Amino acid sequence: MTSATPPTVVVRGPAYPPHEAAGIWVWVEQHDGVVEDVSRELLGKGRDLASRLAQPLVAVVLGAPQHAGVGAADAAALGADEVLVVGHAALAHYATDPYTDALDQLVRRRKPAILLLGATPDGRDLAGRLAVRLYTGLTADCTDLTIGPSGLLESHVVGFGGGIAAIITCQRHAPQMATVRPGVFPQPAATVRSNASERIRPASVDLDSAAERVRVLERQVHAEAGLTRAPVVVIGGAGTRGDFHLLEALAETLDGEVGATRVAVDQGWIGRDRQIGQTGVVVRPKVAIACGVSGASQLTVGISGADTVIAINSDAGAPLFDAADYGVVGDLFRVLPPLLAELRTDQPKAVTAERRPA
Amino acid sequence: MRIVVCVKAVPKPEEVGMNPETRTLDRSKARSEINPPDMHALEMAFALRDRVGGTVTLLSMGPPMFVPYLRLGLAMGADDAYLLSDRAFGAADTLATSYTLAKGLERIAATAGPWDVVLCGEESSDGATAQVPPGIAEWLDIPQATYVSEIAPGDGQTAPAIEVRREIKGGEERLRVPLPAVLSVAAGANVPRFFDPDRRAIAESAEVVVWDAAAVAADPALIGAAGSATTVAAVESAGRVERRHEMLSGPPEETARTLAGVIRAALSA
Amino acid sequence: MATETRETRAMPETREPITLDDARWQKVLDATGGWAAACYQCGVCSGVCPWGRVRGPDAPPVSVRHMVRSAQLGLGADVMPADAPLWLCTTCRLCEVRCPRGVPVTDVVLGLRELAWKEPWLQERVPPALAGVLWDVHFDGNPWGQPPSRRAAWARDLGLAAFNPAAHEALYYVGCTAAYDTRAQHVARALVNVLQTAGVAFGTLGEQEPCCGDAAHSFGHKGYFGELIETNTRLLLEKAGVSEGSKPEKPFTLVTTSPHCFDVFANHYPRLAGVFRPLHYTQYLAELIDSGRLTFPTPLPMRVTFHDPCVLGRGNGEYEAPRRVLAAIPGVDLVEMTENREGALCCGGGGGRMWLETPIEDRFGQVRVRQADQTGAAVLATACPYCISCLEDAIKIEASKDGTPPDPDGMKVLDIAEVAWLALFADQAPAAGRERAARVSGGAR
């Protein structure tokens, strides 16, 4: 079935020495002209790093000709000193090979010191491949990025399910690459700048010689991100008495998802695909907010991997309080409205950020 | 179809602590398990073999204590197992790890015949980088598909390619992947089958082939600490294992402010 | 139309003839200890099966008889009905009480499940979720996928001693559910307080306590269950300070929270005989009451009905011990449900059903809590963590059916250990009697 000659290891060697490197690059991930939130967040953080190092912040936008331009304007408004735009039909949708080829060529040509990517499925797919192509270091899912005394990028990461924190550097290789999960850094405010368009520079790459390897047959994007990868899960139990609207508003505000206990699902208040627990979905969000959930082990099994568990229940004896980091004894219909108000006034971005079309 | 599955053993994440004196990771108390995402890669491999026939080979890089976990994979149904084990492989980052595994794959093809597809878990529960599968694909200069949730045999004998379903942010895509290729399997893509106790007895005495750096002709400059591009500058315990059990009381507005702070802090952690 | 239907039934012309497969039949016989052959197809089992109580007239019936017949015919997918009760069976043994041939139907079911794990012609019939539970037992040492290092966390403030054969008369085997389930932990805490009050010298295995293997047993995974028995036997002998084959002067009492763990230790660990004497805690409390070590001086006015856990009652013939504990508490008024003891209706959580989803209309628990409600009892007492979980869920669902908030004074589910705790410590609880166990035993912290 397989070709006669099995694949062999190809050693390419370093792209360029670190002392020749300059510039903070952010790969701006866009789909159909809509820029990912995480890319905006990285431009904000990239601005900080650029100021610390007194180096330019460069945004790189890859996409179909008609879409890349939209993303480029966004990036310019978000503070990039320069926006490199590659509009190419082969880049219309994310695919590992053309995206790796394009970034590889730009990086080798311009020699950035730092390259940041969002830790989305596509971002991780690209970063993992590109780092080996460039023979350089890559850190994953950083919780913070700082500049050390010698000007090195310090990637703050956690491992072992969050139990161990480490700082990782990449001294002998360039660029220093890092991925960051969505929601870690705040989004910078967009500003209208008179010379924004002057900072957008089309760049060309050679993608025609590369044989297309993987073919995208079909791509479907739903409105919802899915329970298992949501950073916040708001869970409703019997205490909601079937009224999930405050829970939905809370999930929406925090870019999270709504889940439910078995009892709530049994009552038909919400679909079976939302059930969390032993016989439902096991979630590992950063925050689980359980509202009117008593805490049968059926449920707690499903959220034991959450970083932080908040329980709101009018019954002070609810077993879930034993499995929670923070507990509020009170009626969820009284506790949630001021919380929503607080979150909305404090983080206008989270509420008003453009949502991708379904 | 000849399938290779890359697996590793990991300490149970919640049981790894820090030795406060040496400031190194303390895994002594931790029970280990097969990296949970790798279990889904194993199941996908077995299910594929059940449908189209072929073999499932296990490949791992790690200390000799990995052998029992490879035997567990054999008890689940794998045909053979290889362990890349050498002190020189130690302290490898994902660059050096993916190189080493790629060299192991090269050697497997040379000695046991060419393989068609390499399956990996989407990430490991300890490092959680998800970088090794694309890294292996790049070292071998072959196609990759990450976060694969389903695999369908492609056009079979005439066109060496398979069709896969891949999870993307907020959706999924269908890809046609020419073989040989590296696939990373999405966590939760399937339910890993339990091992067969009868096979387990046989697996206990089955041979696990152990190769050192020389056996896979690995360049000493590209493996272990020497071949790693990143350095761990500092490690500390972020260690919060127990829930805090903090009860908030007071007027609703005050509680709301505290909760909002807790949520924001948790999201940026 | 009607005639046509009758004719079709009488003459199933579309049906292919069934070829008996001797090899399969031998496997079925071996796996069921020969019992599959004893059934003469009278159908009493199907008639008494609790599934008949919950499946409406439109839903496909659950026929135990049909399943056994399929087994007799070689069990292929061609004869096994798609809705075979193989994995629906809660191993409640109600049919066994009535079977005129004395067929241990549960053993037949578990034997067929064993085949389902092993034989390719049946393999697809194992619900996939069950493999995940076994992996949890294998890697975590418990079927709930919880960290092994947290196993003793529930008792951190109780100062429990590690079992020491030189100093202790009893080993308290907490069990996975009581160790990790936040609701069942309250039962364990209550039991610890009660044992301490009676002056029992006991210890636990703490974080080293292994899973007894009940999940593997109830899933019919004989191979893995055997592996667990082997490892656990070695561990328990070591903890008892005896070598294989030798025995202590007097066996140590092994007290379990769950009747499932008791069942497994009492009936499947032959090499522990004479070293440990497994008892369900209700049996142990009854002994302590009989010997005068445990007394209840203060009355606890409470109307209680008792739900017999299947595995304690029909499974091990123990109906009286929990009732003796209740009878020893002055003020407790025990009212029986119509179906009690040998005739008790199952909660629905046995036979591995705790790890499988059951549609709400198919849950025995709903029927059971209505039966309990009819007694007018304030407390539905039971003695098994699975029963507590199923019955509490059922009460929640019954209560919220009409859309009104649950009645805070409605019937509560308490474990016998919690009732005993209340009788001893009611004055320390924020509100005695009708408060739920969680709040009450929370007062014992």
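How many residue pairs are in polar contact between chain B and chain A? I find 37, with both residues at pLDDT 80 or more. A polar contact here is a pair of N or O atoms within 3.5 Å; within protein, one must be able to donate a hydrogen and the other to accept it, and residues adjacent in sequence count only if both atoms are side-chain atoms.

I looked up which element does the most on chain B's side: helix H6 (residues 252-268) gives 13 residues to the side touching chain A. Helices (H or I, at least four residues) and strands (E, at least two) are DSSP runs, numbered from the N terminus.

Ground rules I noted: this is a predicted model, so local features need pLDDT of at least 70, side-chain atom pairs count only at pLDDT 80 or more, and totals for chains, interfaces and linings use all residues. Residues are numbered from 1 along each chain as written, chains are lettered from A, and side-chain values use heavy atoms, without hydrogens and water.

Next, the contact (heavy atoms within 4.5 Å): chain B puts in 96 residues and chain A 93.

Then I checked salt bridges (a side-chain nitrogen of Lys or Arg within 4 Å of a carboxyl oxygen of Asp or Glu). The interface has 10 of them. In one, Arg243(B) meets Asp325(A) at 2.9 Å, N to O.

Last, I looked at strands, which pair if DSSP finds at least two bridges between them. E13 of chain A (residues 215-221) runs antiparallel to E11 of chain B (residues 171-178) over 6 bridges. There, Arg219(A) stands opposite Glu173(B).
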